Amino acid sequence: MSRFIHWALPLLAATTAVAHKHHDELTDEQANAPVDAILWIHMALQVFVWGILFPIGMVLGISRSRWHVPLQTTGFVLTLGGYFLGHKHHGRQFLKTVHGTYANILIVPILAQLCLGIYLKLHIHEKSLRPWMVRLHGVIGKSYPVLGWVQFLFGAATFRGYCRGGHLGQCLAHYIMGSAFIAYGTIMAVMLLVGEAWVRRSGRSPEWWDSWVIMLWGIVNTFTEHHGGAWSVKDMQHTILGVLWWTGGALGIFLARNNQRNIVPGLIIILTGWGMSEHAQALMISTRVHAIFGYTLIMAGVTRIIEVCFFADVSTAADDDTNSEHTLADGTQTPIPTAEGNTAKAGAARAFRHLPAYLLVAAGTLFMSGTDEQLQFVHDNEMDHVTYILIMFSISFVLYTLVVSLIHLYTVTGRNSTKRGGDAIEMNSTKWYSRVPNAESNATEAERHHIIGDDDDD
């Protein structure tokens, strides 16, 4: 470690002085030159580090695995090499973009995380400064997947020359909203697979959190879609979607009081999907892509409602999870008469709960692929909408595979490594993790269950 510190810190600091000549104007020869091997290696290396290596290291850090430090150290070394490769390529040249600027900004969290990691390894100031540095180290580490995702988007736009001039607004709308749907699906997967204990400790149902995010997003959307002048059809459609979100979100918050579950977020997703499926576009392929995006959202909303309403009491003797966020009844309902039937229902619920999360990831991927510039490129290359849409679904499968793989990694590494056999995602009781008490505990009825409908007391 000391040798690494000796050369890594000066080398990282020196990266801010590395000059790569970007151009305010490019000749046709520079803009259309072949992409050289150095640039391809730069892209592949940074995708591997920020898309796979750093997220794995983040998970290992959360689970307190001894492999966290070696993996993150390797990531720092590789991303440093990728940084230099990105500044030393020949062949195709690019205009000055936010991708290059953001690469320099990323040096700050990289240096901060490296310095914090070294400080924490020294185990000094145990009672004063160290607890705060542990929290800061965790916050920065958990931000790495988001930081990397943003840079991926900047890099893709730079590589294709997209999002310039009048196309910037549409790029921002598609990339931000598409990324939000992917993040929504990812968070839903985390909450459903390993986050139930946290949901119960928070004293709020999942729909309470969903509704707050939807409402706040709707408020922003309502006042940012129209930029003066005459109202276009798209202005009206986008603005009324914002109104739909904040009004529906407010209803969802009210119905989620007293730790209750409700179907409002799912209903909002369905209505949003319907609106998007009817969103007329200039190109036929664009209209088809937006329609499939809308239908995917509708399916995500429907499956979310089904998950809330019908996969309620899915516990088994082995799971012993009667306080699950899936528990919608008051415990007095007639149980399934056979252990086999109860086990079958629990298995069906575990399989089904992936569907709304995956469909949100797929919807986000489709929406990000629906900008005019991207679809014009597809149209010019004579690719039909079926092929293009299936490519996007394939990418969404890759993304969701990465998400659930990271979730599973958390459950089998570090302090969670004492597990039962098999590939089950669920966490078992260990000295590091204990289940939330069952219905026989001293918790109040409202704390023990999420119930559809109103309570007598507010």
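1. A crossing is called left-handed if the near helix is turned anticlockwise from the far one by less than a right angle, and right-handed if clockwise. Helices (H or I, at least four residues) and strands (E, at least two) are DSSP runs, numbered from the N terminus. With these terms, H4 passes H6 in a left-handed crossing.

2. On the basis of the note: this is a predicted model, in which local features need pLDDT of at least 70 and side-chain atom pairs count only at pLDDT 80 or more, while totals for chains, interfaces and linings use all residues. Residues are numbered from 1 along each chain as its sequence is written, and side-chain values use heavy atoms, with hydrogens and water left out.

3. On the overall make-up: the protein has 18 helices and 0 strands. Of its 458 residues, 46% count as buried; buried means under 20% relative accessible area, exposed over 50%, and partly exposed in between (1.4 Å probe, protein chains only). A contact means heavy atoms within 4.5 Å. Among the contacts with a separation of 6 or more, 78% are made by residues 24 or more positions apart.

4. On the pair H4 and H6: the axes of H4 and helix H6 (residues 107–122) come within 12 Å and cross at roughly 150 degrees. H4 is therefore roughly antiparallel to H6. Axes here are lines fitted to C-alpha atoms, for helices over the stretch in contact, and angles run from 0 to 180 degrees between N-to-C directions. Angles under 35 degrees count as roughly parallel, over 145 as roughly antiparallel, 65 to 115 as roughly perpendicular and the rest as oblique. Which residues meet between the two helices? From H4 come Val69, Phe76, Thr79 and Tyr83, and from H6 come Ile107, Ile110, Gln113, Leu114 and Lys121.

5. On His68: this residue belongs to helix H4 (residues 68–86). Is His68 buried or exposed? His68 counts as buried because its relative accessibility is 17%. Its side chain reaches the backbone nitrogen of Gly61 at 3.4 Å. Such a polar contact is a pair of N or O atoms within 3.5 Å; within protein, one must be able to donate a hydrogen and the other to accept it, and residues adjacent in sequence count only if both atoms are side-chain atoms. Leaving aside residues up to four places away in sequence, His68 touches Gly57, Leu60, Gly61 and His137.

6. On Thr222: the residue lies in helix H10 (residues 206–222) and, at 13% relative accessibility, is counted as buried. The side chain of Thr222 reaches the backbone oxygen of Gly218 at 2.7 Å. A polar atom of that side chain also lies 3.5 Å from the backbone oxygen of Gly242. When residues up to four places away in sequence are not counted, Thr222 touches Thr239, Gly242, Val243 and Trp246.

7. A salt bridge is a side-chain nitrogen of Lys or Arg within 4 Å of a carboxyl oxygen of Asp or Glu, and the structure holds 6 of them. In one of these, Glu126 pairs with Arg130, the closest N and O atoms being 3.3 Å apart. Glu126 is partly exposed at 40% relative accessible area, whereas Arg130 is buried at 15%.

8. On Arg304: its side chain meets that of Asp210 in a salt bridge (3.3 Å, N to O). Arg304 lies in helix H13 (residues 284–310) and Asp210 in helix H10, so the pair ties together parts that are 94 residues apart in sequence. The side chain of Arg304 also meets that of Glu307 in a salt bridge (3.1 Å, N to O). Because Glu307 and Arg304 are 3 residues apart in helix H13, about one helical turn separates them. Glu307 is buried at 1% relative accessibility, and Arg304 is buried at 4%. Through salt bridges that share partners, Glu207, Asp210, Arg261, Arg304 and Glu307 form one network.

9. On backbone angles: phi of His123 is near 55 degrees, a positive value in a residue other than glycine. His123 sits in the loop between H6 and helix H7 (130–160) and is partly exposed, at 47% relative accessibility. Phi of Cys163 is near 70 degrees, likewise a positive value in a residue other than glycine. Cys163 is found in the loop between H7 and helix H8 (168–193) and counts as buried, at 15% relative accessibility.
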